[in-house]
Amino acid sequence: MARFHLHLLSDSTGETLEMIAKAALAQFDDDGEVLRHFWPMVRSQQHLDRIMGEISANPGLVFFTLVNEETRGRLEERCQQLGLPAIAVLDGVTDALEALLGQEAKGRPGRQHRLDDAYFARVDAIQFTIAHDDGVLWEEWEEADILLAGVSRTSKTPTSIYLANRGYKVANIPIVVESPPPQMLFGLRHPLVVGLTTAPDRLIQIRRNRLLSLSQSPDTDYVATDAVESELKYARRMFADNSWPVIDVTRRSIEETAAAVINLYNERKAAGQTGQVGPKPI
């Protein structure tokens with residue numbers, strides 16, 4: 001099995017760099033061991049010199065996002081001396097934007113994390129989403145941007161949290177046959193209501209694992225084939241009767257489901273649509 005070191009150097013939190021590295025590595029077969037070394041907040045020559053000692057002891061590929069010319073110049077020089085490739089992962093994008101906009105990049109570390117209106121809007125979205133999980137505070141659903149509906153264990157909560165981190169106010173509600181949702185759900189105008197569904201066998205597997213993790217008996221209607229299929233049928237009929245878009249999460253990751261929701265939201269926003277008028281409960 002191939003093994004190599006990957007050094008990630010950033011003058012900020014390094015979140016962007018980590019995501020880029022993860023996305024790039026995902027394009028290759030998992031036939032090697034990648035030893036990642038994460039070096040955030042690199043903003044001085046002294047700090048860089050200490051890191052170079054570790055890089056020299058564990059030579060490998062170097063990815064960096066350093067905006068200070070002196071610091072990055074020293075890094076590139078030291079890597080060249082060691083015969084190591086050093087890649088500035090954002091340079092191509094930044095150069096293209098400079099050419100298009102006709103101005104130079106600001107070159108400030110962590111600029112994307114500045115406390116601007118977008119930052120506080122994202123914090124507000126996260127707080128709203130946490131407070132409106134699992135059908136709680138349904139009286140405030142009209143304030144949401146997105147509402148996710150689905151039977152238990154269809155990834156509503158993690159998808160909601162992921163969307164909240166992208167700045168969307170999200171509420172979610174479990175669809176339960178024995179407990180119909182509030183009538184308000186069927187008359188919402190502002191939020192985009194999206195139904196989440198999945199394959200019965202996959203849902204049963206997830207629910208069984210959940211019960212086992214809680215040391216509970218798996219012999220309940222919660223995982224019974226007929227009951228699960230009935231739940232899903234009930235939810236799908238509700239989605240169809242109300243013309244809500246539906247996403248099958250069976251083979252989707254949380255990120256993929258969230259991306260599909262965002263596409264639906266943007267399409268609806270571009271079309272200038274609002275929610276339907278009048279309830280259509282089952």
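Biologist: In which helix does Ile-126 have its place?

Modeller: Ile-126 sits in helix H5, residues 117-131. Note that the model is predicted.

Biologist: Why does Ile-126 count as partly exposed?

Modeller: Its relative accessibility is 25%. Buried requires under 20% and exposed requires over 50%, so Ile-126 at 25% falls in between and is called partly exposed.

Biologist: What does Ile-126 contact, leaving aside neighbours within four places in sequence?

Modeller: Ile-126 is in contact with Ala-164 and Asn-165. The cut-off for a contact is heavy atoms within 4.5 Å.

Biologist: Why is Ser-160 called buried?

Modeller: Ser-160 has 1% relative accessibility. The limit for buried is under 20%, so Ser-160 qualifies. Ser-160 belongs to helix H6 and touches Thr-129, Leu-148, Val-170 and Asn-172, with residues up to four places away not counted.

Biologist: How do you know that Lys-156 has no salt bridge?

Modeller: The nearest side chain of opposite charge is that of Asp-134, 5.6 Å away. A salt bridge needs a side-chain nitrogen and a carboxyl oxygen within 4 Å, so Lys-156 has none, although Lys-156 is buried.

Biologist: What lies 2.9 Å from a polar atom of the Lys-156 side chain?

Modeller: The backbone oxygen of Val-151 does. Lys-156 is in helix H6, residues 156-165, and among the residues that Lys-156 touches are Leu-148, Val-151, Asn-172 and Leu-196.

Biologist: What makes Arg-72 and Glu-76 a salt bridge?

Modeller: Their closest N and O atoms are 3.7 Å apart. The limit is within 4 Å, so the pair passes. In general, side chains of opposite charge can pair when their charged atoms come close. Both residues lie in helix H3, residues 69-82, four residues apart, which is about one turn of the helix.

Biologist: Are Arg-72 and Glu-76 buried or exposed, or in between?

Modeller: Arg-72, at 12%, counts as buried because the limit is under 20%. Glu-76, at 34%, counts as partly exposed.

Biologist: Which salt bridge joins Arg-72 and Asp-91, and at what N to O distance?

Modeller: Their side chains meet at 2.7 Å, N to O. Asp-91 is in helix H4 and Arg-72 in helix H3, so this pair ties together parts that are 19 residues apart in sequence. Asp-91 is partly exposed, with a relative accessible area of 29%.

Biologist: What makes Glu-231 and Arg-207 a salt bridge?

Modeller: The closest N and O atoms of Glu-231 and Arg-207 are 2.8 Å apart; the cut-off is 4 Å, so the label holds. The pair links distant parts of the chain, 24 residues apart: Glu-231 is in helix H8 (residues 225-241) and Arg-207 in helix H7 (residues 200-213). Glu-231 counts as buried at 15% relative accessibility, and Arg-207 counts as buried at 0%.

Biologist: How many salt bridges does a search of the whole structure find?

Modeller: Six. Asp-49, Arg-74 and Arg-78 are linked in a network of salt bridges.

Biologist: Why does Leu-101 count as exposed?

Modeller: Leu-101 has 55% relative accessibility, and exposed means over 50%, so Leu-101 passes. Leu-101 lies in helix H4, residues 91-101. With Val-93, Leu-97 and Leu-100, Leu-101 forms a nonpolar surface patch of about 420 Å² accessible area together.

Definitions and conventions
Residues are numbered from 1 along each chain as its sequence is written. This is a predicted model: local features need pLDDT of at least 70, side-chain atom pairs count only at pLDDT 80 or more; totals for chains, interfaces and linings use all residues. Side-chain values use heavy atoms; hydrogens and water are left out. Helices (H or I, at least four residues) and strands (E, at least two) are DSSP runs, numbered from the N terminus. Buried means under 20% relative accessible area, exposed over 50%, partly exposed in between (1.4 Å probe, protein chains only). Lys and Arg count as positive and Asp and Glu as negative; His and the chain ends are not counted. A polar contact is a pair of N or O atoms within 3.5 Å; within protein, one must be able to donate a hydrogen and the other to accept it, and residues adjacent in sequence count only if both atoms are side-chain atoms. Patches are made of residues with over 30% relative accessible area and no salt bridge: like charges are joined within 9 Å, nonpolar side chains (Val, Leu, Ile, Met, Phe, Trp, Tyr) within 5 Å. Accessible areas come from the Shrake-Rupley method with a 1.4 Å probe; for residues, only the protein chains shown count as cover.
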